[in-house]
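Here are my notes on the salt bridges, as numbered points. Please read them with the model open.

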Amino acid sequence: MLVLVAPGQGAQTPGFLIPWLDLPGVEDQLREWSEALDLDLVRYGTKGTEEEIRDTAVAQPLLVAASLISARQLFPTVDDVAARTGAAAGHSVGELAAAALTGTLSDAEAMSLVRRRGLAMAEAAAVTETGMAALLGGAEDVVLPHLEELGLTPANVNGAGQIVAAGTAEQIAALVENKPEGTRRVVPLKVAGAFHTHHMAPAVSALEAAVTELSPADPRTRYVSNKDGRVVTSGQDLVQRMVGQVANPVRWDLCMETFKELGATTLIEAAPGGTLTGLAKRALPGVRTLALKTPDDLDAARELIATAADAAPAAPAE
């Protein structure tokens, strides 16, 4: 069974969209979205500095755009995703890309919503200087009490020995100086706020208002939610989960457990891929993985899709 996933914030790097612009129709699509969002995706994705694309209001639309344009090279329509994949998920903001790929939202709706999400989260992040840091290694029963002692939130429980902490700049600095026993490294992330914590509560209210304008369809492919790793079959439930997720921890560890339970044999990560395939290699031994980083990876991805062990069901399982 093939699982299609989309990465979250922090995966972006300067110039990462450059090679994708060589593909037919990509630049036109990006410019169409740019005009609709009043955000120059082409400039930021090709010439934006590291600091510019770290801005939440810029990074989130860029990431969803990259995931959509790369995945659409392999799965041009929702029907293609439904016919050839068994499940889909996205990490944090990647959930919006997954919602479009599974047919709950149109690509245009996902891009409009991620623009509003990015602006709302950037505004919430501006209230207090906050950030996030990844802890590599260490047992959860040691790491979690240590974070609580420092006043930090385990914002992303990613599995494979990785937890991402979020909090104020001072709390993150204290963590870097005093990492939990057994943790190999603490790596500050290229994000501009304490996402998936109480600091993002104002953004939840803004998104609740935004989604009232949508009429989400039920996903055509199993959609695995960041909230608890469960398969979501209702489009309305899916959208509400995405709204609440802004201020609550991402449980990617539970998503990967669900992939395993569903019988995943292959996992493809949309651009800018790498982070989620890295986690899968450690947490899902035996599952073939491929990250879409540039168009050069598309042929290998097509081969994996063609040789996936099981065909995906026509409709998501209950």
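**Notes on salt bridges**

1. Asp-299 and Arg-302 both lie in helix α14 (residues 298–306), three residues apart, so about one helical turn separates them. Helices here are DSSP runs of H or I with at least four residues, numbered from the N terminus. The two side chains form a salt bridge, with 3.1 Å between the closest N and O atoms. A salt bridge is counted when a side-chain nitrogen of Lys or Arg is within 4 Å of a carboxyl oxygen of Asp or Glu.

2. Asp-299 is exposed at 52% relative accessibility, while Arg-302 is partly exposed at 36%. The classes are buried (under 20% relative accessible area), exposed (over 50%) and partly exposed (in between), using a 1.4 Å probe and protein chains only.

3. The model is predicted: local features need pLDDT of at least 70, side-chain atom pairs count only at pLDDT 80 or more, and totals for chains, interfaces and linings use all residues. Residues are numbered from 1 along each chain as its sequence is written, and side-chain values use heavy atoms, with hydrogens and water left out.

4. Glu-52 pairs with Arg-43 in a salt bridge, the closest N and O atoms being 3.3 Å apart. Glu-52 is partly exposed, at 28% relative accessibility, and Arg-43 is partly exposed at 31%.

5. Asp-228 and Arg-230 form a salt bridge at 3.8 Å, N to O. Asp-228 is partly exposed at 22% relative accessibility, whereas Arg-230 is exposed at 57%. A network of salt bridges links Asp-228 and Arg-230 with Asp-237 and Arg-241.

6. How many salt bridges does a search of the whole structure find? The count is 10.

Terms used: Helices (H or I, at least four residues) and strands (E, at least two) are DSSP runs, numbered from the N terminus.
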